[in-house]
Amino acid sequence: MSTVLDEIIVGVRADLRDRQSATSLADLRGRLRDQPPARDAISALRADGPLKVIAEVKRRSPSKGDLSAIPDPAALASAYARGGASIISVLTEQRRFGGSLADLQAVRAAVETPLLRKDFVVESYQIDEARAHGADVILLIVAALEQPLLADLYAQVLDHGMTPLIEVHDEAETARAVELGAEVIGVNARNLKTLEVDRSVFSRLAELIPADRIKVAESGVRGPADAAEYAAVGAHAVLVGEALVTGGDPASAVEQMRQTGARS
């Protein structure tokens, strides 16, 4: 029986084939040579100060449907930057999230903040594609990748000077991320099979992640109180989408989450 994740990846692969037909790998790699070096997301996440916020440009989701039209993703990203976001995440998956590489490129032109390409990466082409459009960080979802492919994609991200954010959902996936040597591990409280959110997943899995790794809490951050709760159980950063795009004042919302969630 297929899961929501399985269904999303079917669409991702179909859209990827269309892009590969339109832009050859040689052309893509030619564009890579024109890119400046990737921005240092690790330093942004390890910097002293309040809780780090990864703020997301996100129009819709499979669980909630339409969230915000976001006619100007660059303006939203600029507001996140003013609020002190450490990283700005741009959804580029089209079918379920309403994103695009054009959004990523528009945001790159507007801010100097490190950018995360948030998508379902299943092939190396997508990593070249992300760097060519200005991404500095790549999401790799353990649940979507067998370990040999995960290791290959992880190495490719590092070869581009980018930062891999390795996403896990359970104990077995966390062990795989730790074994890989991932410096940044995101614990997603949303079950990608059922789309249900259980915020206790973060505290359970965070205990399995070595203290020298950067721990990112993903999903379930409805406001500053949730950010503070995650920080109290070991989160160095929170990844937030829905609460920021629906709240009306994204710059202030980012700042409030940073300060309220500051780790003691």
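Leaving aside neighbours within four places in sequence, Ile88 is in contact (heavy atoms within 4.5 Å) with Ala55, Val57, Ala77, Tyr80, Ala81, Val107, Val111, Thr113, Pro114, Leu115 and Leu116. This is a predicted model, in which local features need pLDDT of at least 70 and side-chain atom pairs count only at pLDDT 80 or more, while totals for chains, interfaces and linings use all residues. Residues are numbered from 1 along each chain as its sequence is written, and side-chain values use heavy atoms, with hydrogens and water left out.

**Nonpolar cores**
- A nonpolar core is a set of buried Ala, Val, Leu, Ile, Met, Phe, Trp, Tyr and Cys residues joined through side-chain atoms within 4.5 Å, where buried means under 20% relative accessible area with a 1.4 Å probe, protein chains only.
- The largest nonpolar core has 57 residues, and Tyr80, Ile88, Leu140, Ile166 and Val238 touch the most other members.
- Apart from this core lies another, of 31 residues, which includes Leu28, Leu32, Ala132 and Val137.

**Ser89**
- Ser89 lies in strand β4, residues 87–91, a strand being a DSSP run (E, at least two residues) numbered from the N terminus.
- Ser89 counts as buried because its relative accessibility is 0%.
- The side chains of Ser89 and Glu56 are joined by a polar contact of 2.7 Å, that is, a pair of N or O atoms within 3.5 Å, of which, within protein, one must be able to donate a hydrogen and the other to accept it, and residues adjacent in sequence count only if both atoms are side-chain atoms.
- Although Ser89 and Val137 are 48 residues apart in sequence, they are 8.7 Å apart in space, C-alpha to C-alpha.

Key. Helix = DSSP H or I, 4+ residues; strand = E, 2+ residues; numbered from the N terminus. Buried < 20%, exposed > 50% of the residue type's maximum accessible area, 1.4 Å probe, protein only.
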